[in-house]
Amino acid sequence: MDNMCNEQVENYLQTKQKLNEHYVSIKRLLLPFQNYSTGLFSCSSESYIRDSIYCSVAVWSLALAYRRIDDDNGRTYELEHVAVKCMRGVLYCYMRQASKVEKFKVNQKVDAALHSKFEHETGDAINKNHQHLQLDVVAMFVLYLVQMTESGLQIVFNTDEVAFVQNLVYYLERSYRVPDFGLWERGSKYNNGSCELHASSVGAAKAALESANGFNLFGKQRGAPWSVLWVDIDAHNRNRTVMDSLLPRESNSKNTDAALLPTVSFPFFAVDQEELRSETIETLTSKLEGRYGVKRFLGDGYKTAVEDTTRDHYQPAEIKLFNNIECEWPIFFVYLIIDGIVHDKPKQVKMYLEKLKPLLKVRDDGLELLPRFYYVSEEHLEAHRQNPGIGEKLCSFGIFEEPPVFLWGQAVLTIANLLLDQLITPRDLDPIRRYLPAVERHKVSMRYSTFAGVISDTVIQISLISESKHLQSILSTYGISTQTPDQVEPIQIWPSQELVKVYQHLGANEKLGISGRPKRPIGALGTCKVYRVHGRTVVCYPLMFDIGDFYMAFDTQTLIDELQHSLQFVSQYWRMPMRPLFIFLLREDITQETRLGPILEVLSAFKQGQWDGIKVCLGRVQSFIASSVVEHLEFVKHQDSSQIDEELLKPFIGRENDLDDVRSLRRAGSSYSNLTRICEDDDEELKTANELRTHNTNEILSQLNSFYSGASLAVLIGEISKREGLNFDTGNGTCYERLNKLCRWAAGQKLWSLVRYSASLCHKVVDSLAPSITSVLVHDKHITLGVFGHEEIVVSNPLPPATIKDILYRLCTPHDEREACLQQELVLYVGAAINKQPKLFEGMLQVRIGWLAYAMRLLLKHRDNVSSYKETSGALEGEVDIHDLSPSDVKKLLFAVLDVANHTDLSWLQRRQITGALNKTPPDFYAKVWLILERSPDGFVINSHHLPQQPTLSDMGKNEVAWWKKVEAMFAGLHRPEFRQLIMEMLMVTAIVLERNPEINFRNTTDIDAVVGDAINEYKKDHQTDESADEISKFCNLPSEILVQYMVRSVVQSLLKGSVSVTANDTCTVS
């Protein structure tokens, strides 16, 4: 017994000694650099927020270790409050920039970003040129605000601060579509001042949002409903899916990056799938790890001997200079040590400890310092370029103007040492258990909803709500049981827009000048929850059922497709502990003969408990409340009563009178009855209307009531709206109201061209446009908007909806008003298709929406079964225009175009036209073009654009996106798709000839245009065609095996004309 006691005393004394050693280290290496006023850490006059937070986490970690002993000599209190002071200092700096947060919520622009560094002494903003937009910094602050508060610290003191932190949540919610400068403050790999979407930033935001959701900033014991943070579940899910889509890549320009390590491991632990986490770390270490640490990313020129420090940005292709001489950062060995400890990988810990120890520098007082990086000296540059990873690298300390302590690195090293000495555990360091697998994570609060983070076998509860008793009666004859809104009472059914109004008060604070939640739609996951608001129980129906939105819901098949997509989405991504409740709103217009059948099939499947593999359960709303997720929006109770006018909150009340048109049109959420005065198109009347539109507004108004055809009314009211604005009162409603009414009538009549025309005049925008574009971008593709043959804008980074709307309507409406709406449909379909069937987009560097629409027009024109489109589109006679097709038929046509390779009924010309319009390239196309350039000393010409061999070859690589873009740019201005395809085939043939004859090198400029022209001339000679005939079309209609013969002959002739250089003692042959 005595031996045991003695051993315990000895262990206790050893623990105290170790703690004292760490305390001395922190006292000497970290605390001297904390400002007594602001609480920020810095070795200079400028404080980086990231450095300060890491330092506070290191100090807090030691405080957690001191909690384990009784006689701590007041050190626990001291260290805890050092951390609190720093975190409150960061909060103070951020709150002084509340106006930026307010701007950033609405429009995520660089100049509205919170600053990432501040004046050390005063906390003032540093306004000089700096890349402040770094989402991971704000995410880390929110994460550790939660972590430290969960550990018992009190950081947030009052409601003003609660409101501001809630706005930081809004700041992060749309990270999935916000290009930023990333952890390294450089944005793109090319350091040209441009931002890009970073997996590390999106993942950091995702982790912060998960941590914040349902968390009480005053702590468990002291908190109140109005001090709870709320997170949009749909925004969180989009951040998660975008992060998963990007990983293991960091961004479009960087295949991997050391910045991913803190995201997938300590401190964020953002990835739920262990396989993806391991793949990301393995990719990172295999490509970036060296003897002295980990490179930030390949081609990183920071602090290299050849970097020009007089310029903020690099010149094009300058990063080639930095290959194999990048600096290596030992701090990431420390991260890998922590990762090994947390995930119980002792071999990994041992390996990186052995690598790290020789890299540490020991001060005169015996304390170890972690250098910032190791670099290649100027005299050893060539040696490293020739033999990467072999030569010696020098420590940054004492060479550059380095601070005495690398604060970020020293803080992380301190945390690692505390873990290695077993003074703290991962559980201490991570009180909310982010390090655990998602299924095992600790639930912060049982009252407020939390994200479970794991996929469960979800059963979706579906309640069918009939718009009227008349509809309920009709459906009952088919054995479908539904409820009307009054039968659901006292539960209320709201359009999702009403819930948006409630959330606008969450986080609003007049003193700070910040509003609440931005007017963002509530997504599919959010509408599957039950809400308690002002003592009322509320359920919401999804946006797809809102007829005041876009026109897609009026197409039965599109509605069913959207329903299927939404239910699959909810089934796959529901991360809540209870079941989702889906409100299926059934409107009167489904009773139309062509609509009722398909809807009944879906409802019958629901009754069987499964639809297309989705598990569902039908029932009454009242019976599902107990098994649903209930959000208590109790923050509403604590708002000033004058702020929330309950009269503004309008529940869906259904329809009492089917003939009450005007009132029902203006009532929130109600549907549309017949417009008896509008008839179908009248050619004579339309001609008269087009003549009248040239008159002044008063003359048009005076004669407006004499027109009855839909097209005529749309033309005239549209003309008035263009002159006077959509809010102009025509005497029988505003232009917007009448056009919107006309749009809905036309949808009921299947006059889709008129629908798109009216919707475009109303400047309608479909929901989820921005996320759809983001889906394309995260698949390493750009998207262009604009009409074929006219101006296009390339979208290479995510954009907010308002910007997308402006681009579409500015570029499309001057050519055809309907095109703006059609392109919105295509963006939606492309975004969904690229997630489900990415192979359809192989070979497409850019998804050009205008060209895609042109390809669809080509296929529609070529198809013999056009009558099938006429039947379903509502078109009357003559050739079908793409705008006449219903949204669901447009979707079918899109997929047919994308799968054009499998259409054997098309001629060779038609295939080449459509493939060229899709901008598809053959496998290894860009590498083949690179080969041609290598063998062409004076470069080559494509589409009259000359590309020199140098400096192109020295500045780029054949696998770089920059090279691919360079090649694509040479096709600019070429508006004949089949000729584009012809040039591509000629390039492939030329490359094959060069590959089979390695002794051949072109002596002069390789003119691909001329080679194509010679091939066409050879064809003309053989067939003696009419001079007036379209030779390109005839040539393009040749089968591949015949066309290739002419191309090879043309290439050989160009070689025999003396434009080829043959190496000595070699024989030139073409096989």
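Predicted model: local features only at pLDDT ≥ 70, side-chain atom pairs only at ≥ 80, totals over all residues.

Student: At what angle do α26 and α27 pack?

Tutor: Helix α26 (residues 735–748) and helix α27 (residues 752–761) pack at about 160°, and their axes are 8 Å apart. Since angles over 145 degrees count as roughly antiparallel, α26 is therefore roughly antiparallel to α27.

Student: Is the crossing left-handed or right-handed?

Tutor: Left-handed.

Student: Which residues make the contact?

Tutor: From α26, L739, L742, C743, W745, A746 and A747; from α27, W752, L754, V755, S758, A759 and L761. Eleven of the contact residues are nonpolar, one is polar and none is charged.

Student: Switching to strands. What is the order in the open sheet of four?

Tutor: The order is β14-β10-β16-β15, with mixed pairing. β14 (581–586) and β15 (610–611) are the edge strands; each has a single partner, so one side of each lacks a neighbour in the sheet.

Student: How many bridges link β10 and β14?

Tutor: Six, in the parallel sense, with β10 spanning residues 460–466. Within that pairing, S463 has I583 of β14 as its bridge partner.

Student: And what does β12 pair with?

Tutor: β12 (residues 530–533) runs antiparallel to β13 (residues 536–541), joined by four bridges. β12 also pairs with β17 (residues 630–632), in the parallel sense over three bridges.

Student: What about H534 in the hairpin?

Tutor: The hairpin of β12 and β13 has two residues between the strands, and H534 takes a positive phi near 55°.

Methods:
Residues numbered from 1 in each chain as written. Heavy atoms only, no water. Axes fitted to C-alpha atoms, helices over the stretch in contact; angles between N-to-C directions. Parallel < 35°, antiparallel > 145°, perpendicular 65-115°, else oblique. Left-handed = near helix turned anticlockwise from the far one by under 90°. Contact = heavy atoms within 4.5 Å. Nonpolar A, V, L, I, M, F, W, Y, C, P; charged D, E, K, R; others polar. Pairing = 2+ DSSP bridges.
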